[in-house]
Amino acid sequence: MRMSLIRNIHRLKKFQCHRVSCRTLFGFSRPDDWNKAVTDAEKVVGYPTSFMSLRCLLSDELSNVAIHMRKLVGTKHPLLKTARGLVYDGTHNLQTRGLIVLLISKTAGLSQNNFHQQQDVIEGILPSQRSLAEIAEMIYTANLIHKGVVNLSDIQPSDGSVHDMELGNKMAVLTGDFLLANASTGLAQLHNTKVVETISSCIGDHVSAEFTGLQDKNGRPYLPDNVTFNDWLNQTFLSSGSLLSKSCLAAVELAGHGLEEQTSAFEFGKNMALAQQLSEDLKPFLKPEDNLEQLTITSAPVIKYIASSYNKHPISLFNIYSQKKILEVIKDSSILSESKTLCNEYGEKAINSLSKFKNCQAKNALIKIVKAVVDV
Amino acid sequence: MAALRSRLHRSLLRFQLNLAACRDGRWLRSFRKYEGTNLIHTTSIFVPSASFMHIPIYHQPSSCLQVRVFNSSSIKDEIHSTTKPREIIDPHRLVEEQISSLTLQIKQELQGASQELYKLVEYYFDGQGKLFRPMVVLLMSQACNQHHDFSQSLITEDQNKIAMISEMIHTASLIHDDVIDAADTRRGKTSINMVWGQRMSILAGDYVISIASMLLARIRNDQIVIILSQVIEDLVRGEFMQLGSKEDESERFTHYLRKTFKKTASLLANSCQAVSILANCPEEVTEIAYQYGKNIGIAFQLIDDLLDFTSCDLILGKPTAADLKLGLATAPVLFAAQDYPELNSLIMRRFSLDGDVETARHLVAKSDGVEETRYLANQHGREAIKQIKLLKQSESQQALINLINTVLTRKK
């Protein structure tokens, strides 16, 4: 058991090196403090989080997919981009979800009255909590892949042939299902049906996030006429808050903690997710020179602007305005500074929800990550 | 017609010869190639069964095999030997109450979805499905409850949940299969992907699985969660197995049977086992439930694969051969390939060239592939009956036996 663990760590280290070099190679840039916060945090939890990538990528099933996927090169099937993100970990923040679960596990520690003495605790984290971190990554990735299934009736000639796109869909469905199935058996092995229930609900929340009215049937952002900021909150919770907050809650539950600690962990995850999304949404507005193409009409600043008294434009126009035009419309209002303040507030709430836990390295790492997130 | 009759006569003769050979302790010709892989046992590796491992299923006393091979109602005698001979127990009647409210109960569980999403997720829960899986699960619940304590035939709430979950997992997999196979109809209506597009359909399938998993977790039984999550993994692995065909001909049949277990039988086997555990049955009994579910599942799928060659498309008036069009080689083709080795190259290229489907259909019709498939299905049916007879006699037990006959004789 321990031997195989050491072997795994060794393999992971190699994999990590590869990942880092790819990141430099392909010029992914992230603010230094973010990178530092994440790298430091990884040290705190002992070894890196995402085994999912390795174990699943090495399976027969996914190598089969990889062979088929070569045929997709040259098409615009979203699966290609997602797969690239999986390996290079460029833009999808893949590893942080699991990392946060591990950090909150270590922050909360193990409860006194417990049954988990017989488990191998490494760096203050239970094996079941490490599995949970992995499962959270799998569920997130599965959803990312399934959202990339394309409607064959809406594809453009430039996307690729119908045949290729159909193949891409097939691979996307199977790969996503494979991850979900692994998540499902992994959850069962945790021997805690409350955790199974909580985490299973995240899969449904991810689906619900695609039916909030803030997107068309192809998943492209769309602004309905009666949009309010509550829609953004709802959307953000369903698409990222649910998984993060509920995995934090479940991690604490696995260590035998009660309702109070579970609520704190949930609040941390929820506010962290809101701050993270708000920060992402603000980037194109604050640094348009690098990020303008990431501006979407369902981002927080746009929705806040529309719902505010500044807005003089009919909502439907935002659905057809160019990104540049939207930037110009919003830039001069106080919406951006209001959004920044709000982002800071969510960050503070996240940090405050940790106040019940004793100060430790892991807690500091979490605080640093939050601070790096809200620093836009 | 006359030609057909004479051909059937010929193959009958050949089979009787084979049976004679079987009497001498030799394998049936058709199965000779798979010697060593031992057809049914291949799927046992997942849950080893002491009671099952050593039954030489193709070495049964020849008297019980005889010409019945070609007569699908052949196992009638066995079916009625446990209770009064002519008594017919309609499997539907015993669980009518639960079955009639099952779809509604599932829909209630899905109510949490937003209006738009709900339209998609309830699309296939329209009461038009056969609800075959819940029926098996509910009858098994009754049979196990009575086996454990004869006065106790009431299906518990948790067992009913397993019935719902089995149908939900099945439906979610149908939705994903329809996208993968680019199906345009299902149960006589437009398929979900044609109405809402592939993207939303896949997500709707995920939603159904999510709700089913939550329902499962609320039973608050770790063992049950582990058993049913295995089903989801099997379904996906089975789907992956369907992507490729084995190059080695002798491995192909094993591969096919393993795939069949994973894609169809695992759900029935594991759900049956789950309800027997909920009935507080000891391990020997839960193993019986598992084996019954596994064998009825494989028989069900073999008949399904066979009907693809024998049932006629209403409009075209010729066999539908939907599997061939998808590039899948099922039992009838694999058997036919023994008589006509030229089929092997078609199987390898997944019937992708013009005329391949037609050629394969023709050769299957010329061979004994269909009859041999039916024979194999009967064997699994017989094994299921043998297993379920190990339980104490009850009406539900008899219904489960009758259900085998329904599966083996169904026309669609």
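Buried means under 20% relative accessible area, exposed means over 50%, and partly exposed lies in between (1.4 Å probe, protein chains only). This is a predicted model: local features need pLDDT of at least 70, side-chain atom pairs count only at pLDDT 80 or more, and totals for chains, interfaces and linings use all residues. Residues are numbered from 1 along each chain as its sequence is written, chains are lettered from A and ligands numbered from 1 in the order in which they are written, and side-chain values use heavy atoms, with hydrogens and water left out.

Now take chain B as a whole. It has 21 helices and two strands. Both are DSSP runs, numbered from the N terminus: helices are H or I with at least four residues, strands are E with at least two. Chain B has 412 residues, and 60% of them are buried. Its accessible surface is about 16700 Å², and carbon and sulfur atoms hold 53% of that. Such areas come from the Shrake-Rupley method with a 1.4 Å probe; for residues, only the protein chains shown count as cover.

Next come the rings. Over all chains, the structure holds ten aromatic pairs. One of them joins Phe318(A) and Tyr321(A): 5.5 Å centre to centre, 65 degrees between the planes, edge-to-face. Rings of Phe, Tyr and Trp (its six-membered ring) pair if their centres lie within 6.5 Å; planes under 30 degrees apart are stacked, over 60 edge-to-face, and the rest tilted. Phe318(A) and Tyr321(A) are buried. Why is the pair of Tyr123(B) and Tyr124(B) tilted? Their planes stand at 40 degrees, with the ring centres 5.5 Å apart, so the pair counts as tilted. Back in chain A, ring pairs link Tyr305(A), Phe318(A) and Tyr321(A) into a cluster.

Rings can also sit under a charge. The charged end of Arg97(A) sits over the ring of Tyr140(A), 3.5 Å from its centre. In chain B, Arg410(B) lies over the face of Phe300(B), 4.2 Å from the ring centre. The rule asks for NZ of Lys or CZ of Arg within 6 Å of the ring centre and within 35 degrees of the ring normal.

Last, look at Asp205(A). It is found in helix α9 (residues 193-208) of chain A. Is Asp205(A) buried or exposed? Its relative accessible area is 15%, so Asp205(A) is buried. Not counting residues up to four places away in sequence, Asp205(A) touches Leu238(A), Ser242(A) and Lys246(A) (heavy atoms within 4.5 Å).
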